[in-house]
Amino acid sequence: MSSLVGFLCLVFAVGINIFLIFSKYLLKLKIVSFNILIRLSCILTLASFLSLIYAYLVSDFSNFNVFQNSHSDKPLIYKISGTWGNHEGSMLLWVSILSIYAFFFSFTKKIDLNLKKLTLLIQSFLHISFSLFIIFTSNPFLINSVIVHEGLGLNPILQDPGLAIHPPILYAGYVGYSIVFSLAVASLMHESNDLEWLSIAKKWSLISWTFLTGGIALGSYWAYYELGWGGWWFWDPVENISLMPWITGLALVHSLLLVKGQQILKKWIIFLSILCFSLSIFGTFLVRSGILTSVHSFAADASRGLFILLIFFIITGFSLVVFLLKFPDNNKPVKFLFINKVSALIINNILMIIATLTILLGTIYPIIIEVLTNNRISVGGPYFNSTVIPIMIPGFLLMSIAPVLSWQTNKIKNSYYYIICFILISVIILIQSYLTEFNSWGVIGLILGVWIIIASISAIILSYKLKLNFKFLQNINPHLAHIGVGIAIIGITCSSVFQKEYDYNLNTGDNFIVNEINVVLDKIETKNEKNFQALRANFLIQEENSFKNVKSGKNYYPVSKMITSEAGILHQWDRDIYFILGDQKDEKWFVKVYVNPFVSLIWLGIIIMICCGFIGVIRK
Amino acid sequence: MSLRFQRLLLILVSVIMIFVAVLLILYNGRKNISYFYTPSELASLKIDIDKKVRLGGFVEKNSFIKITASSFKFKISDDLKSIDVAYQGLLPDLFREGQGAVIEGYMTKNNVLNATSVFAKHDENYMPASIKKGLENTGYWNKNY
């Protein structure tokens, strides 16, 4: 029953959107009724999505999708998150978020009414394309042809609280760019020269970027403690795909700062807006088509891939054609000064685009080679590390001082102070690392991180009067965001360069020493949980006079006959001690231990960036 | 500095950055690409000892030997040929006999693949596209798998 309701709601929503597109040519709808119809279509789409959630909640196995991906003894939260833990449901989530964005956008004031209508129409078109994709190739409301009383269960690796909210947040990021995209294309078609839409685009692109950051961070945090590989970023194709719109989105957010009357960048901004959303769709295509080998590939199906590819070509092709035909003329050439904010932002944009292209190349290179030569290759993580990171380094250097550069002149205030400061930091870190453990990447990363933090703090102190109110917070927001980046860079550098790895073969009761810390493999026990069996090794870690407990082990899920590893992590502010329980032979257990220094700084930095993102949205 | 000179400088910097990026891509691309083979392909080819390769196929039934809790020997097969693999470290959770796996590593002189990493199939419906392709070519691929 809920399947039928859900399907009908989805179809009705498409009907409304088709009506909207035709109404532009047949009858002149007033903006009020236009808004109401957009909101109605959003409510219908949400109703459709909620009815799918309902089917999952009550374990309605007459729905084929529920039967394939759920099981009646799953905990409540995973019944709900199971809705988007599969291809069909996740596409419905995608469309729901698309319509939620349209819903909120319909409340925008201070915008030319025709521009608003056009934007919503493009949004409707996107809604129709993706809804048709769902209806024809991946319908989550199919009825099960046989009567069953139990489902097949959710992939156990997805049964995790972090991963339950990862897809909605990530999609909120991806799909958010649709509004920016629609606005940009609409402004081209509208051919008006006013720049109001840019400040609206700025808000939406910042919202999307913030959600995307949160989504990616949740995903990599999940990979960190769930996959048990000791790291948090693996240059997996899906990670790369999410990183591309993220970097382009970052470039977009920064170039939107330059709006203040600079026509030349308007062209660039429109191009970036199109690129961001195109990369989001392209990512969806690569993941869903199963062309790329990855943790995230759901069952591959050629027709699905083709359909999304078609949508991708229509949307990107159409927008690029509009872009080429109608792009605004330059009537105000920019004054390029070498050392000023504009050129710093331009260089930063170029760097980000180069980095995106590098990642894109590494990700799709295997596909191109296979098509051309029939050889199958894979591009390893080291490629990305040794290409993307050096490309980004000048950008990071620039970032530390860019906020204090002036808009008009060629001078930096207090330049001597910054130069001395930079040299001092470099010398201190060089000496310090010679005395402890020298690694050139480590030195570069640490200098960059510390320099960004100190330069940003100095900039705050030198350029603003300290006050304790929200206005002050808004003013120093960009600097705060950059401090977040600096903190994250220190975390990333330390945790990857100075990571230590230890292997042990242990009996229960054995003592071992990790990085000068005494650890005991206390006992190994099994326990029955709601839908899995847990095997846990208990490690006792001696800290001065007290002991800390860490449990690490494996879960066995009888429904899907799968085992997942559960890493045990002792979180401390300056390091994580990361235990993985391996195989057993003759009473001896294999235990792998990683010591990851300063991982917590990565998450702290990202949280700061996300907070700054939200403060920036509130900012007028 | 004149405006014109500064603009030139900006363009110059951009060109240099792009040039460096291209160099980096070419240099690292050559170093970090590994070729993917099925066991029959690997058996028929002479592979350099210091070249990283990827091997995809099924873990042969009854070939898995646990030497210690952390070092293993097994065979990867495509039903025509099989390749001996030696591995030290943690095996992925889904590694099982009869299931698909991808091995990355270096060939040794006595035709054993010294694995640096082992990847296993991620769920019951999931099969890396590269393995599927290889197996379809050799006729082993079973659609209902």
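Biologist: Before we start, how do you know which residues and features to trust?

Modeller: This is a predicted model, in which local features need pLDDT of at least 70 and side-chain atom pairs count only at pLDDT 80 or more, while totals for chains, interfaces and linings use all residues. Residues are numbered from 1 along each chain as its sequence is written, chains are lettered from A and ligands numbered from 1 in the order in which they are written, and side-chain values use heavy atoms, with hydrogens and water left out.

Biologist: Happy with that. Why is A:S59 called buried?

Modeller: Buried means under 20% relative accessible area, exposed over 50%, and partly exposed in between, with a 1.4 Å probe and protein chains only. A:S59 has 13% relative accessibility, so it counts as buried. This serine lies in the loop between α2 (31-57) and α3 (64-69) of chain A, and has a positive phi of about 50° although it is not a glycine.

Biologist: And what makes A:W235 buried?

Modeller: The relative accessible area of A:W235 is 13%, so the residue is buried. A:W235 sits in the loop between α8 (196-226) and α9 (237-255) of chain A, and its phi is near 55°, a positive value in a residue other than glycine.

Biologist: Which atoms come together at the start of α6(A)?

Modeller: There, a side-chain oxygen of A:D112 comes within 2.9 Å of the backbone nitrogen of A:N114.

Biologist: Over in chain B, how do you know that β6(B) pairs with β2(B)?

Modeller: Two strands pair if DSSP finds at least two bridges between them. Strand β2 (residues 52-59) and β6(B) have 7 bridges in the antiparallel sense, and B:G57 has B:A101 in β6(B) as its bridge partner. On its pairing with β7 (residues 112-120), β6(B) again runs antiparallel over 7 bridges, with B:E104 opposite B:S117. These two strands form a hairpin with 4 residues between them, and B:N111 in the turn has a positive phi of about 60°.

Biologist: Why is β6(B) called largely enclosed?

Modeller: Of the 8 residues in strand β6 (residues 100-107), 7 are buried, so the rest of the structure largely encloses it. For chain B as a whole, 46% of the 145 residues count as buried. The chain has 3 helices and 7 strands, in the order α-β-α-β-β-β-β-β-β-α from the N terminus.

Biologist: Back to chain A: what makes A:F103 a contact of A:R39?

Modeller: Contact means heavy atoms within 4.5 Å. Leaving aside neighbours within four places in sequence, A:R39 is in contact with A:F103, A:S106 and A:F107. A:R39 belongs to helix α2 of chain A. The C-alpha atoms of A:R39 and A:H71 are 34 Å apart, with 32 residues separating them along the chain.

Definitions and conventions
Polar contact = N/O pair within 3.5 Å; in protein donor to acceptor, adjacent residues only side chain to side chain.
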